[in-house]
Amino acid sequence: DAPLAGRRGAARLRLAIPAQFVSIYSQQPCLVMDLSCTGARIALPAPLAQGQSGYIAIGRMEVFGLIVRAERGVEISVNALAFDEPISRD
């Protein structure tokens with residue numbers, strides 16, 4: 001296990017992958033900005049509420065999680081999603 005650096009639980013992989021964020025309230029396109037084994041940062045046109053749960057669908061992969069932080073921007077909102085269970089490094 002790697003030691004924690006700041007608030008990060010795992011190293012991030014910087015990306016720009018189109019995906020979908022799906023919750024019981026809505027389904028909306030998003031962009032996965034970075035990904036780690038424990039979470040992701042996603043950019044959305046509309047902000048999500050902190051504490052909202054749902055999943056990101058990237059191709060055939062669906063990863064469930066909880067919105068733990070939201071940053072409202074002028075044109076997009078960036079949300080941090082903590083996964084329910086860590087994903088494999090593969």
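Modeller: We can. Start with contact: two residues are in contact when heavy atoms lie within 4.5 Å. This model is predicted.

Colleague: What makes P18 a contact partner, and of which residues, leaving out those up to four places away in sequence?

Modeller: P18 touches C30 and L31. The cut-off for contact is heavy atoms within 4.5 Å, so these residues have heavy atoms within that limit of P18. P18 also lies 7.2 Å from P29, C-alpha to C-alpha, though they are eleven residues apart in sequence.

Colleague: Why is P18 called exposed?

Modeller: P18 has a relative accessible area of 64%. P18 belongs to strand β1, residues 13-22.

Colleague: And why is C37 called buried?

Modeller: The relative accessible area of C37 is 18%. Buried means under 20%, so C37 qualifies. C37 sits in the loop between β2 and β3. C37 and R89 are 52 residues apart in sequence, yet 6.3 Å apart in space, C-alpha to C-alpha.

Colleague: How do you know that β1 and β4 pair?

Modeller: Three bridges join β1 to β4. Pairing needs at least two bridges, so these strands pair. They run antiparallel. F21 stands opposite I56 in β4.

Colleague: What do the strands build together?

Modeller: Six strands form a closed barrel, in the order β1-β2-β3-β6-β5-β4, with antiparallel pairing. On average, neighbouring strands of this sheet are turned by 45° against each other, direction ignored.

Colleague: What makes the largest nonpolar core a core, and how many residues does it have?

Modeller: It has 15 residues. In soluble globular proteins, nonpolar side chains tend to be buried together.

Colleague: Which residues does V32 contact, beyond its neighbours within four places in sequence?

Modeller: They include L15, A40, I42 and I56.

Colleague: How do you know which part of the model to read with care?

Modeller: Look at residues 1-6, where pLDDT stays under 50. The model has one contact beyond four places in sequence for them. Where pLDDT is low, the predicted coordinates should not be read in detail. The protein averages a pLDDT of 85, and 87% of the residues score at least 70.

Terms used
Residues are numbered from 1 along each chain as its sequence is written. This is a predicted model: local features need pLDDT of at least 70, side-chain atom pairs count only at pLDDT 80 or more; totals for chains, interfaces and linings use all residues. Side-chain values use heavy atoms; hydrogens and water are left out. Helices (H or I, at least four residues) and strands (E, at least two) are DSSP runs, numbered from the N terminus. Buried means under 20% relative accessible area, exposed over 50%, partly exposed in between (1.4 Å probe, protein chains only). A nonpolar core is a set of buried Ala, Val, Leu, Ile, Met, Phe, Trp, Tyr and Cys residues joined through side-chain atoms within 4.5 Å. Axes are lines fitted to C-alpha atoms, for helices over the stretch in contact, and angles run from 0 to 180 degrees between N-to-C directions. pLDDT is the predictor's confidence in each residue, from 0 to 100.
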